[in-house]
Amino acid sequence: MVVFLVVVLALTGGLHYYLWLRMVRDPAWPAPWSTVGTWALVLLGLSIPVGFVASRFLSREASAPFAWVAFGWMGLMFLALVLLLPSELVRLTAGWLGRGTDELTSEERRRFLSRGIAGVVGAASAGLGALSLSTALRPVDIARVTVKLRALPEALRDFRIVQLTDIHVGPTIGRDFIEELVDKTNAQRPDLIAITGDLVDGSVEELAAQVEPLKDLRARHGVFFVTGNHEYYSGADDWIAHLGTLGIRVLGNERVTLHHDGAALDVVGVHDWESDGFGHGADLAKALAGKPADRKALLLAHQPKQIDEASRLGVDLQISGHTHGGQIFPFNYLVRLQQPYVAGLHTHGDSQLYVSRGTGYWGPPMRLGIPAEITRIVLRPA
């Protein structure tokens, strides 16, 4: 926790110093606006580590105001930085074109340009932030996906899976949101419900009441869960035990065979890819041990990068989350550096992979160009 806070403080300080240079110092706003802008950035910058500490050590109700401010500002800061970076090219071009002018004229031109950039970036960030906030907080839509599998038994035609993932129940997402998800999920009349990790950001003690409506999820073959990386920041073993009391089957490197209208389907689940340091670890080979070669296998794995091993071991379909689809454009391009796929249906070797954009959000209560989803997957013979 201490190391994490040091990194957060160093990164936060550096980014806010850059924002101060471009949005306050360079425009040289007249008094008192320069002072107001400086102190606003100082206080907003401090809100980020304060928000993290509050959400860690205070109750959900007490930490919620700090979290909304911290995470909301985090999203706006990201948008401002994305818009400011291209302006550096504008500054360089303007500086090159202005060579040879007298010093007073050059200073006036620089101030005029800096104020124009700051004004445009500020207005655009606010507008995009409002749009992103409304997208994140609106009701979650159903994403309908058809997956065609070779040699799928006819009895499994139209087998319906509803995937929920990356809900992140915590300071800004609570019981009302879960109740809405349960109603919408049950309305799809699923044969199977899969929750593929990052359900919570907090302990069982503080969030048990918020996730309680999950006990009302209904599917013909039940509700299955696999851990995500955030479960390990929140007490994974406690959550595994608690979810069992809600009628949710946690698959920890395990395989369950479902019998559906005379056909068999193996549902396989592995712990999160990064859970080794927490005493678990993903072990797909163990989960698949003894599986008949001709039986179709559905893998629940939080991170898309599991697909390399899954394809090598003969998994037919993997469903994952973790990426949020990027959540705030253009962050999806950075996610691509860490995961092989960011969102949607993909073919990988002889296997297929569906990556959800996520059902909730993490951090900033914002989604720009990348809406959340409840995923309804229907299997069909190829």
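Predicted model: local features only at pLDDT ≥ 70, side-chain atom pairs only at ≥ 80, totals over all residues.
Colleague: Which strands form the open sheet, and in what order?

Modeller: Strands of a sheet pair through backbone hydrogen bonds, either parallel or antiparallel. In this model, 6 strands form an open sheet with mixed pairing, in the order β6-β7-β8-β9-β11-β10. Strands β6 (254-260) and β10 (344-348) stand at the edges with a single partner strand each, so one side of each has no neighbour in the sheet. From one strand to the next, the twist averages 20°.

Colleague: In which sense do β6 and β7 pair?

Modeller: β6 and β7 (residues 263-269) pair in the antiparallel sense, over 7 bridges. By contrast, β8 (residues 296-300) and β9 run parallel and are joined by 3 bridges. There, L300 has I319 of β9 as its bridge partner.

Colleague: Which way do the side chains of β9 point, and are they buried or exposed?

Modeller: In a regular strand the side chains alternate between the two faces of the sheet. Strand β9 (residues 317-320) has L317 and I319 pointing one way, and Q318 and S320 the other way. All of these residues are buried.

Colleague: How many residues does the largest nonpolar core have?

Modeller: In soluble globular proteins, nonpolar side chains tend to be buried together. The largest nonpolar core here has 31 residues, and I167, V169, L214 and I248 have the most contacts inside it. Elements giving two or more residues to this core include β2 (160-164), β3 (192-195), α6 (204-211) and α7 (236-245). Helix α5 gives the most, with 4 residues.

Colleague: Which residues make the nonpolar surface patch?

Modeller: W39, V42, L43, L46, V50, L58 and F66 make a nonpolar surface patch of about 660 Å². Helix α2 (residues 33-57) supplies the largest share of the patch, 5 residues. L58 lies in the loop between α2 and α3 (60-97). With a relative accessible area of 38%, L58 is partly exposed.

Colleague: How many salt bridges does the count come to?

Modeller: The count comes to 19 salt bridges. Start with R175 and E179, whose side chains meet at 3.2 Å, N to O. These two residues are about one helical turn apart because they are separated by 4 residues in helix α5. R175 is partly exposed at 29% relative accessibility, and E179 is partly exposed at 33%.

Colleague: Which salt bridge links R22 to another part of the chain?

Modeller: The side chains of R22 and E88 meet in a salt bridge at 2.8 Å, N to O. This pair links distant parts of the chain, with R22 in helix α1 (residues 2-25) and E88 in helix α3, 66 residues apart. R22 is buried, with a relative accessible area of 17%, whereas E88 is partly exposed at 21%. R22 and E88 are also linked with R25, D26 and R91 in a network of salt bridges.

Colleague: Where do R295 and D266 lie?

Modeller: R295 forms a salt bridge with D266, and the closest N and O atoms are 3.3 Å apart. R295 lies in the loop between α8 (284-288) and β8, while D266 lies in strand β7, 29 residues apart. To read burial here, take under 20% relative accessible area as buried. D266 has 0%, so D266 is buried, whereas R295 has 21% and counts as partly exposed.

Methods:
Residues numbered from 1 in each chain as written. Heavy atoms only, no water. Pairing = 2+ DSSP bridges. Axes fitted to C-alpha atoms, helices over the stretch in contact; angles between N-to-C directions. Patch = residues over 30% accessible without salt bridge, like charges linked within 9 Å, V, L, I, M, F, W, Y side chains within 5 Å. Areas by Shrake-Rupley, 256 points an atom, 1.4 Å probe, with all protein chains shown as cover. Salt bridge = Lys/Arg side-chain N within 4 Å of Asp/Glu carboxyl O. Buried < 20%, exposed > 50% of the residue type's maximum accessible area, 1.4 Å probe, protein only. Core = buried A, V, L, I, M, F, W, Y, C linked by side-chain atoms within 4.5 Å.
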